[in-house]
Amino acid sequence: MSSVIISKLKSIVGQGNYFESKDDLTCYRYDATFLTGKSPLIALYPTDVHQISEIMKIADAEGLCVIPRGAGTGLAGGYVPIKENTIILHTSKLNKIIEIDKENLTATVEAGVVTEEFQAEVDKLGLFYPPDPSSGKVSTIGGNVATNAGGPRGAKYGNTLAYVLGLEVVLADGRVINTGSKCVKQSSGYNLTKLFVSSEGTLGIITKIILRLIPLPESKKTMLAVFNSIEDASQSVSKIIAKGIIPTSLELMNRRAMEIVDQYKSIGFPLDAEAVLVIEVDGVEKLLGSQIEIIRQVCEEMGVRSIEIARDEQHAADIWEARKSCYGVLSRVKPSCLIEDVTVPRTRFPEIIRKIEETTKKYNIDVAVCAHAGDGNTHPFIITDARDKEEMERVHKAMEEIVLEGLRLGGTLSGEHGIGVIKKK
């Protein structure tokens with residue numbers, strides 16, 4: 001890329017809003033996967049939509065690739081440059097919460113707003129934004145929208161898509177469009193909003209989002225159900241839902257996951273058990289007791305070893321911190337990890353868990369399972385070392401068998417991470 005073009009791009013964002021040295025650009029070759037991409041030409045940090053529009057006009061005219069990047073927590077390699085002529089367009093300085101409209105139960109935010117920071121602000125007003133990706137402490141709303149991120153609360157509340165009412169998007173040629181509105185009902189032409197959600201930056205760059213909010217639940221309770229059999233634990237999931245109970249969260253962790261997490265934060269996981277279900281219910285305080293009792297009965301019918309209700313808010317927070325830390329602490333075991341998120345209908349969840357267990361043994365690989373069981377979303381974390389070619393061959397064969405089985409069961413390739421580079425095949 002000519003020095004003239006570089007100068008134009010730098011002048012658009014201004015001093016202090018770009019990186020161009022080889023050392024500074026190194027971090028943009030990675031996301032949260034094990035992949036290593038090519039070094040980009042430059043990393044730009046625009047501060048408004050007009051700057052992004054001008055950048056895209058130049059990129060379009062010069063035939064340059066542009067990768068929009070938020071916090072870099074993606075798990076599918078979607079933000080890893082695979083071509084030399086790439087511009088990184090970082091959205092972290094688009095970080096304003098423009099409006100929280102309590103009367104209309106909506107909020108308007110820029111793409112770089114951090115998920116948990118936004119949730120904390122709406123919580124102060126007695127409102128609730130349910131999507132809760134495990135990376136929520138750092139991941140951004142724009143990235144959540146681009147991948148249709150989910151999280152443990154997806155069992156009851158769904159993924160990000162369920163809360164997106166409208167978008168501001170910069171197209172590849174620099175045009176700026178607006179889709180949707182604050183209206184709860186919208187039936188005017190093509191649903192472009194839904195099209196851009198989970199498009200992973202391939203159709204345009206999301207700069208502003210109108211989000212739907214709901215009232216904050218009055219109360220919530222967290223439970224830990226311990227099983228001697230992962231089969232019994234997985235069977236319990238669909239049986240709980242068949243009773244008409246949709247827990248806020250219904251998470252499954254196998255023994256390997258508990259062992260690894262326990263080294264980071266010991267909360268008393270039973271390391272001699274094969275699996276646990278982390279279950280949360282929310283709603284009106286006086287109704288939670290009956291939900292908990294039904295869940296307890298189902299688990300007991302399935303041979304649960306013990307059920308513990310979190311003693312207080314801190315105990316519940318510790319359980320959830322342990323669950324959400326699973327991916328991050330795997331680096332203590334080996335330097336690389338492949339994470340799948342094939343998703344199946346809830347009733348087929350036991351079958352995909354069975355396949356994961358069989359495949360783990362067949363290929364002699366190390367797998368920790370932390371699944372969003374309540375919505376059929378599996379997360380087998382294959383712990384490995386990408387430098388070991390022989391082991392990686394086994395890992396890829398195992399991953400392919402798991403994915404194909406998920407599709408055979410009527411599932412989908414990704415429940416919340418996206419396709420990126422890793423799942424292109």
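Residues are numbered from 1 along each chain as its sequence is written, and side-chain values use heavy atoms, with hydrogens and water left out. Because the model is predicted, local features need pLDDT of at least 70 and side-chain atom pairs count only at pLDDT 80 or more, while totals for chains, interfaces and linings use all residues.

## Helix α8

Helices (H or I, at least four residues) and strands (E, at least two) are DSSP runs, numbered from the N terminus. Helix α8 covers residues 230–242, which is 13 residues. From first C-alpha to last, α8 reaches 19 Å, close to the 18 Å expected at 1.5 Å a residue; the expected span is 1.5 Å times one less than the number of residues.

At the start of α8, the backbone nitrogen of Glu 231 has a side-chain oxygen of Ser 229 within 3.2 Å. After the helix comes Gly 244, with a positive phi near 85 degrees.

Contact means heavy atoms within 4.5 Å.

## Two helix pairs

Two packed helices are described by the angle between their axes and the distance between the axes. Axes are lines fitted to C-alpha atoms, for helices over the stretch in contact, and angles run from 0 to 180 degrees between N-to-C directions.

| Helix pair | Axes come within | Crossing angle |
|---|---|---|
| α1 (3–13) and α3 (49–62) | 9 Å | roughly 165 degrees |
| α8 and α13 | 8 Å | roughly 155 degrees |

The angle makes α1 roughly antiparallel to α3, and α8 is likewise roughly antiparallel to α13. Angles under 35 degrees count as roughly parallel, over 145 as roughly antiparallel, 65 to 115 as roughly perpendicular and the rest as oblique.

α1 passes α3 in a left-handed crossing. On α1, the contact is made by Ile 5, Lys 8, Leu 9, Ile 12 and Val 13; on α3, by Gln 51, Glu 54, Ile 55, Ile 58 and Glu 62.

The crossing of α8 and α13 is right-handed. Here Ile 230, Glu 231, Ser 234, Gln 235 and Val 237 of α8 meet Phe 349, Pro 350, Ile 353, Arg 354 and Glu 357 of α13. A crossing is left-handed if the near helix is turned anticlockwise from the far one by less than a right angle, and right-handed if clockwise.

## Single residues

Most residues other than glycine have a negative phi. Asn 148 is not a glycine, yet has a positive phi of about 55 degrees. This residue is in the loop between α5 (141–147) and α6 (154–157), and at 15% relative accessibility Asn 148 counts as buried.

Glu 200, also not a glycine, has a positive phi of about 55 degrees. Glu 200 is found in the loop between α7 (192–196) and β10 (205–212), and counts as partly exposed at 21% relative accessibility.

Gly 143 is placed in helix α5 and is partly exposed, at 23% relative accessibility. Gly 143 and Thr 91 are 52 residues apart in sequence, but 9.3 Å apart in space, C-alpha to C-alpha.

Ser 325 lies in the loop between α11 (313–324) and α12 (326–329) and is buried, with a relative accessible area of 10%. Apart from neighbours within four places in sequence, Ser 325 is in contact with Val 261 and Tyr 264.

Definitions and conventions: Polar contact = N/O pair within 3.5 Å; in protein donor to acceptor, adjacent residues only side chain to side chain. Buried < 20%, exposed > 50% of the residue type's maximum accessible area, 1.4 Å probe, protein only.
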